Amino acid sequence: MSTNPAPTALRRNLGLWAIVGLGLGYMTPMTVFDTFGIVTGETNGVVPSAYLFALVAMVFTAVSYGRMTRVFPSAGSAYTYASETIHPNVGFLVGWSSLLDYLLLPLVNALIVRLYLESFFPQVPGWIWVVGYVAAITAMNLFSMSSTSKVNGVLVAFQIVLIAVFVALTWASLSGGAGNGTAFSLAPLFHEGVHLGAVIGGATVVCFSFIGFDAITMYTEEAKDTRTVPKAIVLALMIGGAIFFVAAWFAQSRFPTLAGFHFTDDTLPEIALKTGGLFFQILFISAAVAAAVASSLASHASVSRMIYVMARNGNGRISRVLSFVHPKYRTPAVAVLLVGAVSMLAAAFTLEFVSSMINFGALIAFTVVNATVIIHFAIRKRQVRGAKQIVRNIVLPAIGMVLTGVLWANLHLDALTYGLIWLAIGIVTLLVLTRAFRKRLGVKLDEDGDAAIITREGAPSEVRS
């Protein structure tokens with residue numbers, strides 16, 4: 001064991017509901033209204049069915065995440081699980097694939113805020129909004145994770161309140177004969193002309209609203225009690241799924257078709273205007289901005305933790321720099337600043353271009369995490385005695401793999417193309433780091449879940465708490 005002083009650890013100050021709130025902030029409840037037009041066109045008017053299919057697919061994966069979090073209580077998420085159960089090199093590629101999605105999400109939120117503000121203040125250059133906004137988000141993540149979670153909680157609550165008001169106003173409109181004329185029609189789930197393939201296509205669009213539940217695992221090393229993380233994963237998924245489904249149900253009941261909409265790429269402003277008039281539209285757009293801020297806080301925090309863990313498990317000067325934890329604030333300072341620097345690119349890129357690069361790695365991570373359950377419990381521990389163990393350790397994660405595989409196969413061509421390019425860069429990076437696989441890459445966990453760096457010969461060189 002090294003005699004070097006123990007490095008500064010992340011501060012454990014997040015309770016169950018703070019972590020659930022961060023997951024919900026990441027999931028961005030208001031997104032259902034932004035993508036409503038796109039998914040309505042994709043599914044022929046059954047947006048709730050798309051959300052229901054995606055939720056079912058995610059439930060199996062959420063269970064797998066919860067189980068693996070108990071086995072490996074590290075902030076590395078799918079990266080750690082794959083490294084420990086399959087191979088460190090596989091773990092690196094899973095982490096690398098996921099990194100593209102996670103790294104671009106804060107950038108997307110900054111870009112959305114820039115677009116909102118440019119529409120209100122067209123005379124102000126967009127880069128000014130980006131610099132000010134990204135600097136504020138980065139500062140909050142740098143100085144205090146506790147403050148970040150509190151602000152995120154307020155913003156998430158604001159979104160939920162506005163969605164509840166939308167539901168109440170829509171119920172009144174339906175009772176007055178608007179839309180389907182009732183909130184109890186099954187038309188939002190199924191009607192003539194709807195096909196399963198179209199529903200799955202819509203699910204590939206909306207399923208990424210759920211990726212906040214896996215980001216929760218990034219806060220494992222900052223949870224007051226790591227045993228609450230699996231519970232937080234399921235709670236965030238089910239609460240978020242319920243919000244998405246209910247909001248989509250009432251929106252589809254009120255607007256069964258896109259007739260009368262001028263802009264179907266982002267229907268949120270028109271939905272708000274048609275539902276409650278100009279004043280409600282202002283409030284609803286304010287909630288959308290709050291949603292972007294909450295998602296920025298949560299996604300910035302989670303991706304910086306992923307970078308921190310991947311760097312902590314590496315060797316060399318770059319790894320040491322990226323895994324630096326600020327001694328006073330107890331946050332991964334350099335990783336936080338790096339994410340902020342990448343987010344500044346929102347001043348130059350378009351939303352269409354950045355969005356096309358997202359979503360490839362998330363489904364890879366989901367599929368691999370389900371596979372790690374089978375490998376760890378069924379193959380390594382041989383827990384396949386009796387029907388209960390077979391169902392838990394083989395059948396359920398296998399269903400999760402199949403469902404996420406179906407979603408992955410239906411990804412947009414651009415997402416597949418950019419994702420494969422990013423994966424190819426990761427393979428080259430892995431070859432360089434491992435010197436063409438001649439050098440071992442990885443990390444092992446001791447019985448308490450603490451991390452130990454593995455040297456080239458495979459011996460533990462340092463233990464971290």
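What is the accessible surface of the chain, and what share of it belongs to carbon and sulfur atoms? The accessible surface comes to about 19,300 Å². Carbon and sulfur atoms account for 67% of that area. The model is predicted. Its chain has 465 residues, of which 54% count as buried.

The secondary structure consists of 18 helices and three strands. Among contacts with a separation of 6 or more, 79% link residues 24 or more positions apart.

The average pLDDT is 84, and 89% of the residues score at least 70. Helix H11, residues 228–254, has the highest mean pLDDT of the elements, at 93. Strand S3, residues 460–464, has the lowest, at 35. Over residues 444–465, pLDDT stays under 50. The model has 51 contacts beyond four places in sequence for this stretch.

Asn152 is found in helix H8, which covers residues 145–175. Its relative accessibility is 0%. Asn152 therefore counts as buried, since the cut-off for that class is under 20% relative accessible area.

Gly91 sits in helix H6, which runs over residues 88–120. Gly91 also has a relative accessibility of 0%, so this glycine counts as buried. Beyond four places in sequence, Gly91 touches Tyr79, Ala82 and Ser83. The pair Gly91 and Tyr79 is separated by 12 residues in sequence. In space, their C-alpha atoms are 4.7 Å apart.

The surface carries a nonpolar patch. Seven residues form this patch: Val384, Ile390, Val391, Ile394, Val395, Leu396 and Ile399. Together they have about 440 Å² of accessible area. One of them, Val395, lies in helix H17, residues 386–409. Val395 has a relative accessible area of 34%. Val395 is therefore partly exposed, because this class spans the range between under 20% and over 50%.

Asn152 in helix H8 and Gly91 in helix H6 are residues with 0% relative accessibility, as given for Asn152 and for Gly91.

Key. Residues are numbered from 1 along each chain as its sequence is written. This is a predicted model: local features need pLDDT of at least 70, side-chain atom pairs count only at pLDDT 80 or more; totals for chains, interfaces and linings use all residues. Side-chain values use heavy atoms; hydrogens and water are left out. Patches are made of residues with over 30% relative accessible area and no salt bridge: like charges are joined within 9 Å, nonpolar side chains (Val, Leu, Ile, Met, Phe, Trp, Tyr) within 5 Å. Accessible areas come from the Shrake-Rupley method with a 1.4 Å probe; for residues, only the protein chains shown count as cover. A salt bridge is a side-chain nitrogen of Lys or Arg within 4 Å of a carboxyl oxygen of Asp or Glu. Helices (H or I, at least four residues) and strands (E, at least two) are DSSP runs, numbered from the N terminus. Buried means under 20% relative accessible area, exposed over 50%, partly exposed in between (1.4 Å probe, protein chains only). Contact means heavy atoms within 4.5 Å. pLDDT is the predictor's confidence in each residue, from 0 to 100.
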